[in-house]
Amino acid sequence: MGLDAVGDGLIKLPFLRSLRAAFPQARITWMAGKGHTVFAGILAPLVAGLVDEVLDDAGIGSRVSELFANPLPSRRFDLIIDTQRRLLTTLILRRIRHGRFISAAAGFRLSAARPADHRRPASLAKQMTVLLDLAAPHRPRDMAPLPHDAGVEAEADRLLPAGPCYVGLAPGAGGKHKCWPLERFCELGNTLARRGMTPVVLLGPAEADWIEPVRRLLPGALLPLQEAAAPSPMLTIALARRMACALANDSGTGHMLACGDIPLVSLFGPTPPEKFAPNAQRLTVVRAQDYGGSDMATIPVAAVERAITECLL
């Protein structure tokens with residue numbers, strides 16, 4: 001599965017955490033009607049306890065012939081939340097036996113409940129929140145915690161032992177056009193180090209050629225993923241929980257840091273934060289447009305430093 005699929009899964013993770021908080025005793029099934037889901041693969045450890053069952057590549061929702069039969073004849077669900085909008089797929093899903101059906105397809109006309117405002121939110125995360133609010137209008141606002149793996153936690157403790165004030169820096173992204181210049185990350189990291197903090201630089205496999213420049217330009221930084229026995233999304237999130245705050249571009253790593261439930265500063269330029277901003281409990285967005293352009297280099301170091309400082313208060 002590609003990085004886009006992982007990023008999509010991370011965007012949906014807060015929905016699953018909120019769903020579990022809303023229905024703590026329920027048996028929750030996640031179904032991927034067509035294709036594979038990262039919740040049955042690389043992100044499976046992150047949904048343990050949040051989801052009880054994953055139906056991967058179920059082969060449901062694409063053919064008109066499915067309208068004439070129940071696609072899951074042996075199953076019944078008290079509640080079905082349809083997270084997509086394709087009308088044919090929605091009509092097929094409604095053939096599954098259920099108590100309530102929640103869907104945004106066809107302007108919520110097939111849904112058991114409808115929002116007062118039918119305007120579609122820009123972000124996928126907010127679209128899914130609307131569905132959950134309809135399914136459980138009196139749900140708690142706190143999310144269920146992510147699972148903690150003892151081995152992953154021990155590795156995170158080894159890489160970031162208790163004591164220092166760690167600040168995460170994630171300079172990568174799926175495209176270079178979404179990256180704030182690496183030199184500015186390092187400049188900011190040096191400023192934080194002089195203030196007594198420990199910069200933690202998170203570099204994935206695609207940023208391997210940045211390892212030497214980071215070590216040269218930011219000698220006080222830790223690069224835990226380069227020292228890890230087995231880097232993974234779960235480890236990145238565990239590392240995030242040991243940080244006072246973090247800084248990231250519009251990236252999958254930014255979404256992982258948000259899952260650590262820490263203050264996050266997110267940098268945006270050519271992509272809209274309204275659509276792609278991480279669902280962090282405390283998020284500060286710094287936009288290039290506020291400084292005269294859409295190029296990431298437009299964002300000044302001073303503005304990012306101010307945002308980090310406010311997160312640390």
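What follows is a walk through a handful of spots, one selection at a time.

Before you click, know that this is a predicted model, in which local features need pLDDT of at least 70 and side-chain atom pairs count only at pLDDT 80 or more, while totals for chains, interfaces and linings use all residues. Residues are numbered from 1 along each chain as its sequence is written, and side-chain values use heavy atoms, with hydrogens and water left out.

**Stop 1: helix 9**

Select residues 233-240, which make up helix 9. Helices here are DSSP runs of H or I with at least four residues, strands are runs of E with at least two, and both are numbered from the N terminus. How many of the residues in helix 9 are buried? The count is 8 of its 8 residues, so to speak a mostly covered helix, where buried means under 20% relative accessible area, exposed means over 50%, and partly exposed lies in between (1.4 Å probe, protein chains only). Colour Pro233, Met234, Leu235, Thr236, Ile237, Ala238, Leu239 and Ala240 to see these buried residues.

Now bring up what they pack against: helix 5 (150-159), helix 8 (224-227) and helix 10 (252-259).

**Stop 2: helix 9 against helix 10**

Show side chains for the contact (heavy atoms within 4.5 Å). Helix 9 brings Pro233, Thr236, Ile237 and Ala240, and helix 10 brings Thr253, Met256, Leu257 and Cys259. Sorted by class, that gives 6 nonpolar, 2 polar and no charged residues. Here Ala, Val, Leu, Ile, Met, Phe, Trp, Tyr, Cys and Pro count as nonpolar, Asp, Glu, Lys and Arg as charged, and the others, Gly among them, as polar.

**Stop 3: glutamate 155**

Hop over to helix 5 and pick glutamate 155. Is this residue buried or exposed? Glutamate 155 is buried, with a relative accessible area of 16%.

Its side chain joins that of arginine 158 in a polar contact of 2.9 Å. A polar contact is a pair of N or O atoms within 3.5 Å; within protein, one must be able to donate a hydrogen and the other to accept it, and residues adjacent in sequence count only if both atoms are side-chain atoms. Another polar atom pair to draw runs from the glutamate 155 side chain to the backbone nitrogen of alanine 229, at 2.9 Å. Leaving out residues up to four places away in sequence, glutamate 155 touches Glu227, Ala228, Ala229 and Leu235. You have met Leu235 already, as one of the buried residues of helix 9.

**Stop 4**

Most residues other than glycine have a negative phi. Select phenylalanine 108, in helix 3, where phi is near 70 degrees, a positive value. Phenylalanine 108 is buried, at 4% relative accessible area.

Then jump to aspartate 261, in the loop between helix 10 and strand 8 (264-268). Aspartate 261 has a positive phi of about 60 degrees although it is not a glycine, and at 31% relative accessibility it counts as partly exposed.

**Stop 5: serine 111**

Go to the loop between helix 3 (105-108) and helix 4 (124-135) and click serine 111. At 12% relative accessibility, serine 111 counts as buried. What lies 2.7 Å from a polar atom of its side chain? Look for the backbone oxygen of alanine 113. Apart from neighbours within four places in sequence, serine 111 is in contact with Phe101, Ile102 and Ser103.

**Stop 6**

Pick isoleucine 80 in strand 3 (residues 76-82), buried at 11%. Its listed contacts, which skip residues up to four places away, include Leu93, Phe101 and Ile102. The C-alpha atoms of valine 286 and alanine 307 are 7.9 Å apart, and the two are 21 residues apart along the chain. Among the residues that valine 286 touches beyond four places in sequence are Val265, Leu267, Tyr291 and Ala307.
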